[in-house]
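Please keep the sequence and the structure in view while reading.

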Amino acid sequence: MLALAGPALSAPPAPGPLGAFELTRYTPDTRPPEFRGRTVEGHPVSLAELSGRVVLLNFWATWCLECRPEMPAIERLHREFGPQGLTVMAVNEREGTPAVRNYARGLGLTFALVLDPNGDIGKMYGVIGIPTTFLIGRDGRAVAFAVGPRAWGSPAARAILQALLSEPVPRSVGR
């Protein structure tokens with residue numbers, strides 16, 4: 001099993017826009033672990049079903065003070081870039097449906113909120129602190145990650161997402 005965040009924490013900052021946004025880059029052949037889960041509404045989700053889309057995978061909790069300011073910015077990215085091929089999935093670490101649902105309602109969140117009551121998805125990804133966010137390209141490769149909060153509404157973040165969204169959809173996706 002590949003943990004995406006743990007071993008790479010000592011890696012130097014990525015060059016270019018990823019480094020400017022303090023993201024750690026993966027080697028081009030790195031693939032994120034496949035996971036299956038359920039949203040707060042009870043819908044099944046998996047990473048495999050998102051082939052051909054850029055994925056912003058955020059690990060968070062309602063009690064996380066640093067997570068709260070990120071969520072509205074991530075929601076804006078979801079609304080703006082969703083039609084272009086961005087999928088936002090926020091994996092809640094070890095909390096129940098009522099807490100997650102109330103939090104989402106209070107912030108007006110509409111992206112997929114995935115429950116991880118035992119922390120299994122977080123363990124697969126090597127999450128050691130929250131917020132932790134992973135970017136996954138249209139071709140399914142792990143692009144980069146960030147441990148700690150980021151200004152997801154900033155021009156730097158938007159430029160990174162626009163660059164990923166401008167990549168061609170792999171032929172195997174059939175779109």
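Which residue in strand 5 is the bridge partner of phenylalanine 59? The partner is valine 91. The model discussed here is a predicted one.

## The sheet

Phenylalanine 59 belongs to strand 4, where Val55, Leu57 and Phe59 point one way and Val54, Leu56, Asn58 and Trp60 point the other. Strand 4 is mostly covered, with 7 of its 7 residues buried. This strand is part of an open sheet of 8 strands, in which the order is 1-8-7-4-5-6-2-3 and the pairing is mixed. At the edges stand strand 1 (24–25) and strand 3 (44–46); each has a single partner strand, so one side of each has no neighbour in the sheet.

In general, the strands of a sheet pair through backbone hydrogen bonds, in either a parallel or an antiparallel sense.

| Strand pair | Sense | Bridges |
|---|---|---|
| Strand 4 and strand 5 | parallel | 7 bridges |
| Strand 5 and strand 6 | parallel | 5 bridges |
| Strand 4 and strand 7 | antiparallel | 5 bridges |
| Strand 7 and strand 8 | antiparallel | 5 bridges |
| Strand 2 and strand 6 | antiparallel | 2 bridges |

Individual residues can be assigned to several of these pairs. Isoleucine 136 has alanine 142 in strand 8 as its bridge partner, while threonine 39 is partnered by valine 114 in strand 6. Opposite methionine 89 stands alanine 112, also in strand 6. Between strand 5 and strand 6 the chain passes through helix 3, and this β-α-β crossover is right-handed. Strand 6 (residues 112–116) is mostly covered, since 4 of its 5 residues are buried.

## Helix 2 and its packing

A right-handed β-α-β unit is also made by strand 4, helix 2 and strand 5. Helix 2 covers residues 67–81 and has 15 residues. From its first C-alpha to its last it reaches 21 Å, which is close to the 21 Å expected at 1.5 Å a residue.

Which parts of the structure do the buried residues of helix 2 pack against? They pack against strand 4 (54–60), strand 5 (86–93), helix 3 (97–107) and helix 5 (155–165). The buried residues of helix 2 include Glu70, Met71, Ile74, Leu77 and Phe81.

## The core and a buried asparagine

In soluble globular proteins, nonpolar side chains tend to be buried together. The largest nonpolar core of this model has 55 residues, and those with the most contacts inside it are Leu57, Tyr125 and Trp152. Leaving aside neighbours within four places in sequence, leucine 57 is in contact with Phe35, Met89, Val91, Tyr125, Thr132, Thr133, Phe134 and Ile136.

Is asparagine 58 buried or exposed? Its relative accessibility is 1%, and the limit for a buried residue is under 20%, so asparagine 58 counts as buried. Its bridge partner in strand 7 is threonine 133. The side chains of asparagine 58 and threonine 133 are also joined by a polar contact of 2.7 Å. Not counting residues up to four places away in sequence, asparagine 58 touches several others, among them Glu70, Met71, Ile74, Met89 and Pro131.

Most residues other than glycine have a negative phi, and most peptide bonds are trans.

Proline 131 lies in the loop between helix 4 (120–124) and strand 7. The peptide bond that joins isoleucine 130 to proline 131 is cis, with omega at about 0 degrees.

Glutamate 22 is not a glycine, yet it has a positive phi of about 60 degrees. Its place is in the loop between helix 1 (16–20) and strand 1. At 55% relative accessibility, glutamate 22 counts as exposed.

Arginine 94, likewise not a glycine, has a positive phi of about 65 degrees. Arginine 94 is found in the loop between strand 5 and helix 3. With a relative accessible area of 49%, arginine 94 is partly exposed.

Definitions and conventions
Residues are numbered from 1 along each chain as its sequence is written. This is a predicted model: local features need pLDDT of at least 70, side-chain atom pairs count only at pLDDT 80 or more; totals for chains, interfaces and linings use all residues. Side-chain values use heavy atoms; hydrogens and water are left out. The expected span of a helix is 1.5 Å times one less than its number of residues. Buried means under 20% relative accessible area, exposed over 50%, partly exposed in between (1.4 Å probe, protein chains only). Contact means heavy atoms within 4.5 Å. A nonpolar core is a set of buried Ala, Val, Leu, Ile, Met, Phe, Trp, Tyr and Cys residues joined through side-chain atoms within 4.5 Å. Two strands pair if DSSP finds at least two bridges between them. A crossover is right-handed if, with the strands pointing away from the viewer, the path from the first strand over the helix to the second runs clockwise. A polar contact is a pair of N or O atoms within 3.5 Å; within protein, one must be able to donate a hydrogen and the other to accept it, and residues adjacent in sequence count only if both atoms are side-chain atoms.
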